[in-house]
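Please read the following report alongside the displayed model.

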Amino acid sequence: MTSEAQTLAHDEVPAASRSSFYAAMRMLPQEQRDAMYHVYAFCRAVDDVADNGGPREARMAELARYRTDIEQFYANGQTTLRTNYLARPITKFGLKKDDFIAVVDGMEMDIVRDIHAPDWATLDLYCDRAASAVGRLSVPIFGIEGELGIDLAHYLGRALQLTNILRDIDEDASLGRLYLPKEALNEGGITETEIDAILVHPALDRVCRGIAQKTRNYYRRSEALMARCPRRSARSPRMMATVYRGILEKLIARGWHAPRADVRRSKRYVLWAVLRDGIF
């Protein structure tokens, strides 16, 4: 690994250390932990391209470079600054090209146009690319193989992404984005199209509670799948589920009526999740 690639990968670790991600990953043996940090570095890098502003054309071009570099590595093993640190995890754990490409495609969805009340099918595709694809890269590193791992990535990825959407509606609005599906808004009686009007609508609480129930169901499916996994391989995803489901329940208790207090999980809660899910 070149020094530049090491810097790219390792610069992401401090950002990870401020999240439940770091607490969940540091329970892993070193080789798995390093592989997850490198996958995280890639995902953070392409996410930053989508979110850091600037001309859409420039951001699209940068994502295209990530896509080309991934294609190039899988075609002939040639690495660049964007893929050098991924070479060992890809080779060691058999990570799939299509999942890296899906992550890039998910971030591209945020650039092509600001997402604004997509239909359920589009939102589900976004969740698959932005979250479940990351899960599909992660489960072989955790040691969860085959259809069990793919199914876990499917359900837990969607649970985590929908939790983020329900938590971050005001933050996303500041970027001109609204991920709440138009069918849910329409069924709740919200016909306004302007984001600011939607976020103060009295029916928003009911709409978000319906999405939260769907998210709970994804957590339940995930928990049933993790119960079938060897305990050691499920420690990290179980802890992520514990922390994020706690955030979801806190959001439900708070509600979505404006104004909304910020909901985060304390370090003490993350520690409790480590103790509950990390001891073996």
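## A glycine in a loop

Where does glycine 255 lie? Glycine 255 is in the loop between H14 and H15, where helices are DSSP runs of H or I with at least four residues, strands are runs of E with at least two, and both are numbered from the N terminus. This is a predicted model, in which local features need pLDDT of at least 70 and side-chain atom pairs count only at pLDDT 80 or more, while totals for chains, interfaces and linings use all residues. Residues are numbered from 1 along each chain as its sequence is written, and side-chain values use heavy atoms, with hydrogens and water left out.

Glycine 255 has a relative accessible area of 2% and is therefore buried, a class defined as under 20% relative accessible area, with exposed meaning over 50% and partly exposed in between (1.4 Å probe, protein chains only). Leaving aside residues up to four places away in sequence, glycine 255 touches Asp205, Arg209 and Arg260, a contact being heavy atoms within 4.5 Å. Arginine 209 is 46 residues from glycine 255 in sequence, and their C-alpha atoms are 7.8 Å apart in space. The loop between helix H14 (231-254) and helix H15 (267-278) also holds proline 259, which is joined to alanine 258 by a cis peptide bond with omega at about -5°.

## Overall composition

The protein chain has 15 helices and 0 strands. Of its 280 residues, 54% count as buried, and the accessible surface comes to about 13000 Å², of which 51% belongs to carbon and sulfur atoms; these areas come from the Shrake-Rupley method with a 1.4 Å probe, and for residues only the protein chains shown count as cover. Among contacts with a separation of 6 or more, residues 24 or more positions apart account for 73%.

## The core and its helices

Apart from residues up to four places away in sequence, leucine 166 touches Leu180, Cys208, Ile211, Ala212, Thr215, Leu248, Leu251 and Trp256.

The 22 residues of H4 should span 32 Å at 1.5 Å a residue, and the end C-alpha atoms are 31 Å apart, which agrees; the expected span is 1.5 Å times one less than the number of residues. H4 is followed by glycine 53, whose phi is positive, near 80°. H9, which also has 22 residues, reaches 32 Å from its first C-alpha to its last, close to the expected 32 Å. Because 17 of the 22 residues of H9 are buried, this helix is largely enclosed by the rest of the structure.

## Aromatic pairs and charges over rings

A pair of aromatic rings is described by the distance of the centres and the angle of the planes. Rings of Phe, Tyr and Trp (its six-membered ring) pair if their centres lie within 6.5 Å, with planes under 30 degrees apart counted as stacked, over 60 as edge-to-face and the rest as tilted; by this rule there are 5 aromatic pairs. Phenylalanine 73 and tyrosine 74 form an edge-to-face pair, at 5.7 Å centre to centre and 85° between the planes. Phenylalanine 73 is buried at 12% relative accessible area, whereas tyrosine 74, at 28%, is partly exposed. The ring centres of tyrosine 155 and tyrosine 218 are 6.1 Å apart with the planes at 45°, so this pair is tilted. Tyrosine 155 in helix H9 (residues 146-167) and tyrosine 218 in helix H13 (residues 204-226) are 63 residues apart, and their pair links distant parts of the chain; both tyrosines are buried.

Ring pairs also link Phe42, Tyr66 and Phe100 into a cluster. The charged end of arginine 82 sits over the ring of tyrosine 66, 5.4 Å from its centre, the criterion being NZ of Lys or CZ of Arg within 6 Å of the ring centre and within 35 degrees of the ring normal. Likewise, the charged end of lysine 214 sits over the ring of tryptophan 120, 5.0 Å from its centre.
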